[in-house]
Amino acid sequence: MACEWWFYHLERPPLAGALAPLLEKCLERDWRVLVSSPDVSALSQLDKDLWRWKDDSFLPHGPEGEHSSRQPVLLSASLENANDAKILVLMNGQDVETPDQPYQRIMVVFQSDDQHALQTARGQFKAARNAGLNVKYYQLSESGSWIDKTR
């Protein structure tokens with residue numbers, strides 16, 4: 001099965017509020033997730049925000065470190081798949097050279113105000129589409145739901 005590339009475009013923050021429901025859906029399917037960003041401070045902020053994003057739920061996650069292999073959602077500056085993830089989330093312009101294995105899906109999350117991430121996502125979208133892979137493009141609506149804008 002070829003890897004799918006799904007793109008999630010946020011026009012405004014907060015990142016955690018938009019990303020957390022996607023992570024929950026992955027966990028409901030028993031998919032482990034690797035969230036990777038070259039920006040360590042963004043990962044640290046995401047870690048804090050995920051702990052308090054919703055009062056009535058718990059999203060099991062943690063930063064890379066001693067217990068990386070046990071994290072259902074691993075937050076990492078590295079692309080090393082230390083938690084045997086099936087889903088790779090790329091943030092802040094993170095890119096990957098060999099994207100098809102072992103992932104079922106790569107989710108590229110980017111914000112309009114981050115020009116580097118926006119340009120990286122455009123290149124990734126074009127490359128995945130040109131490779132004949134399943135590509136989806138979603139944009140966050142005013143109401144907070146993801147709208148499929150794939151053409």
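1. Let's start with a term: a nonpolar core is a set of buried Ala, Val, Leu, Ile, Met, Phe, Trp, Tyr and Cys residues joined through side-chain atoms within 4.5 Å. Buried means under 20% relative accessible area, exposed over 50%, and partly exposed in between (1.4 Å probe, protein chains only). The largest such core here has 27 residues, and those with the most contacts inside it are Leu19, Leu23, Val35, Val89 and Met91.

2. A word on what you are looking at. This is a predicted model, in which local features need pLDDT of at least 70 and side-chain atom pairs count only at pLDDT 80 or more, while totals for chains, interfaces and linings use all residues. Residues are numbered from 1 along each chain as its sequence is written, and side-chain values use heavy atoms, with hydrogens and water left out.

3. Now the sheet. Helices (H or I, at least four residues) and strands (E, at least two) are DSSP runs, numbered from the N terminus, and two strands pair if DSSP finds at least two bridges between them. Eight strands form an open sheet with mixed pairing, in the order 3-4-2-5-6-1-7-8. Strand 3 (62-63) and strand 8 (146-148) are at the edges with a single partner strand each, so one side of each has no neighbour in the sheet.

4. Five of its five residues are buried, so strand 5 is largely enclosed by the rest of the structure. Ile87, Val89 and Met91 are buried on one side, and Leu88 and Leu90 on the other. Strand 5 (residues 87-91) runs parallel to strand 6 (residues 105-111), joined by five bridges; methionine 91 has valine 109 as its bridge partner there. Strand 2 also runs parallel to strand 5, with four bridges, and valine 35 is partnered with valine 89.

5. Which strands does helix 2 lie across? Helix 2 (residues 40-51) lies across strand 2 (33-36), strand 3, strand 4 (73-76) and strand 5, at about 150 degrees to strand 4. Helix 3 (residues 115-130) packs on the sheet too, touching strand 1 (4-10), strand 5, strand 6 and strand 7 (135-140). Angles run from 0 to 180 degrees between N-to-C directions, using axes fitted to C-alpha atoms, for helices over the stretch in contact.

6. Elements giving it two or more residues include helix 1 (15-28), strand 2 and strand 5, and helix 1 gives the most, with eight residues. Leucine 19 touches Leu46, Val89, Met91 and Val109, leaving aside residues up to four places away in sequence; contact means heavy atoms within 4.5 Å. A second, separate core of 20 residues includes Tyr103, Ile106, Val108 and Tyr137.

7. Finally, the rings. Rings of Phe, Tyr and Trp (its six-membered ring) pair if their centres lie within 6.5 Å; planes under 30 degrees apart count as stacked, over 60 as edge-to-face and the rest as tilted. How many aromatic pairs does the whole structure hold? A search finds six. Tryptophan 5 and phenylalanine 7 have ring centres 6.0 Å apart and planes at 20 degrees, so this pair is stacked. Tyrosine 8 and tyrosine 138 are stacked as well, with centres 5.2 Å apart and planes at 10 degrees. That pair links distant parts of the chain, strand 1 and strand 7, with the two residues 130 apart.
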